[in-house]
Structures are given as C-alpha cells and as structure tokens.
Amino acid sequence: MFRTQTVRSVVDELLKAPDAEHYGNGIKAALGLRTNVVYDILIRLTQEGYLTDIGLRPSAAGGSPRHVYIVKDAQRLREWINHP
C-alpha cells in the first residue's frame, strides 16, 4: 500500500488512541474524508496485518451495523508509516 497523505492521516488518527476500538465513520468525521476512502484504507491495513477487524457492532443510532477495528501493533504501524 502506498503511504499517501490520506493514508498517513488515517494512520495518525488510529494512533491517537492505539488501544481503542475504531469505527470508519468516526475517522471519516474526524478527517472529513469520504466513506469509501476511509473503508478502503481500513480494509487494506487489515489485509496487510496492521489492524484487526473484530466484527460488526450495532450502530448507536440504530442504523446499519458497523465494523470495529483495533490496531494490532502500534509500534509496527508507526514504523511503517514513518519509513521513508
């Protein structure tokens, strides 16, 4: 995966609270990105082993269930995003 500015922004957002559960909509709202952009990055980070998708949780607002992501290894993710 390329380390574009958008990918870096998503990773920075994840690393603000590396032990927290993350939702794509929360990242989308924090960064002002489109939904498909955020989820594409989250899915690729999961496929590459940086995140774990722990499954679906009901939406607090009663909408569609949401995927929940957690950072597997914050140090490894930091090293990858900061590698020249």
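Helices (H or I, at least four residues) and strands (E, at least two) are DSSP runs, numbered from the N terminus, and two strands pair if DSSP finds at least two bridges between them. This is a predicted model, where local features need pLDDT of at least 70, side-chain atom pairs count only at pLDDT 80 or more, and totals for chains, interfaces and linings use all residues. Residues are numbered from 1 along each chain as its sequence is written, and side-chain values use heavy atoms, with hydrogens and water left out.

| Strand | Partner | Bridges | Residues facing each other |
|---|---|---|---|
| β1 (residues 22-23) | β3 (residues 66-71) | 2 bridges | histidine 22 and tyrosine 69 |
| β2 (residues 51-57) | β3 | 6 bridges | leucine 51 and valine 71 |

Now for helix α4, which spans residues 74-82. Which residues of α4 are buried? They're Ala74, Leu77, Trp80 and Ile81, with buried meaning under 20% relative accessible area (exposed is over 50%, partly exposed in between; 1.4 Å probe, protein chains only). They sit on the same side of α4 because they cover an arc of only 125 degrees around the axis, taken from the directions from the helix axis to the C-beta atoms. What do these buried residues pack against? Their partners are α1 (5-16), α3 (35-47) and β3, where contact means heavy atoms within 4.5 Å.
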